[in-house]
Amino acid sequence: MIDLYLDDMRKCPKGFVLAKNAEECVELLRECEVRVLSLDFDLGWGAPNGMEVVRFLVAEQKYPAYIYLHSSSAAGRSAMYHMLYTNKPDHVRLFNHPMPEELLRLIASGKFEVENGSAHKLQ
């Protein structure tokens, strides 16, 4: 199981696997069980954006337990959130903001666990 961070510019948090583009992110989602996914929207001029990853998640119904949207693009973040929110299963936790520091610390230390498939209390 991996935690996956999609971004072409920001530093990847400790404990995460970095995908620098949408294609790489989709490939990792296909091949790995992903627990936490954090998505950026803008991934470079003319490159497929984070919405391509969201479309894949919806089409394939291959959702991680937690999805965070850390993009600074308000319009892109909003579009991704609305598509995910209207299509995700009830057990998937979706957050329209970056991961909280406490979650980042837990993942970096290897102490974060999904409890019985239910949502962790971190927001």
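Predicted model: local features only at pLDDT ≥ 70, side-chain atom pairs only at ≥ 80, totals over all residues.
Q: Why is Ser 73 called buried?
A: Its relative accessibility is 15%. Buried means under 20%. Ser 73 therefore counts as buried.

Q: Where does Ser 73 lie, and what does Ser 73 touch?
A: Ser 73 sits in the loop between S4 and H3. Leaving out residues up to four places away in sequence, Ser 73 touches Phe 41 and Asp 42.

Q: Which residues of helix H2 are buried?
A: H2 covers residues 50-60, and its buried residues are Gly 50, Met 51, Val 53, Val 54, Phe 56, Leu 57 and Val 58. They pack against strands S1, S3 and S4 and helices H1 and H3.

Q: What caps the N-terminal end of H2?
A: Asn 49 does. A side-chain oxygen of Asn 49 lies 2.9 Å from the backbone nitrogen of Met 51.

Q: Why are H2 and H3 called roughly parallel?
A: Two packed helices are described by the angle between their axes and the distance between the axes. H2 and H3 pack at about 5°, with axes 10 Å apart. Angles under 35 degrees count as roughly parallel. H2 is therefore roughly parallel to H3.

Q: Which residues make the contact of H2 with H3?
A: From H2 come Gly 50, Met 51, Val 54, Arg 55, Leu 57 and Val 58. From H3 come Ala 79, Met 80, Met 83, Leu 84 and Asn 87. By class, the contact has eight nonpolar, two polar and one charged residues.

Q: Which residues touch the most other members of the largest nonpolar core?
A: This core has 27 residues. Leu 4, Cys 25, Leu 29, Leu 39, Val 53, Leu 57 and Ile 67 touch the most other members. S1, H1, S3, H2, S4 and H3 each give two or more residues to this core. The largest share, six residues, comes from H2.

Q: What is Val 53 in contact with, leaving aside neighbours within four places in sequence?
A: Val 53 is in contact with Leu 6, Ala 22, Cys 25, Val 26, Leu 29 and Leu 39. Another core, of 12 residues, lies apart from the largest one. Among its members are Phe 16, Tyr 66, Ile 107 and Phe 112.

Q: Why is Gln 61 called partly exposed?
A: Its relative accessible area is 47%. Buried means under 20% and exposed means over 50%, with partly exposed in between. Gln 61 is therefore partly exposed.

Q: How do you know whether His 82 and Arg 105 are exposed or partly exposed?
A: His 82, in helix H3, has 49% relative accessibility and so counts as partly exposed. Arg 105, in helix H4, has a relative accessible area of 54%. Exposed means over 50%, so Arg 105 is exposed.

Q: How far apart are Arg 105 and Pro 13?
A: They are 92 residues apart in sequence and 9.3 Å apart in space, C-alpha to C-alpha.

Key: Residues numbered from 1 in each chain as written. Heavy atoms only, no water. Buried < 20%, exposed > 50% of the residue type's maximum accessible area, 1.4 Å probe, protein only. Helix = DSSP H or I, 4+ residues; strand = E, 2+ residues; numbered from the N terminus. Contact = heavy atoms within 4.5 Å. Polar contact = N/O pair within 3.5 Å; in protein donor to acceptor, adjacent residues only side chain to side chain. Axes fitted to C-alpha atoms, helices over the stretch in contact; angles between N-to-C directions. Parallel < 35°, antiparallel > 145°, perpendicular 65-115°, else oblique. Nonpolar A, V, L, I, M, F, W, Y, C, P; charged D, E, K, R; others polar. Core = buried A, V, L, I, M, F, W, Y, C linked by side-chain atoms within 4.5 Å.
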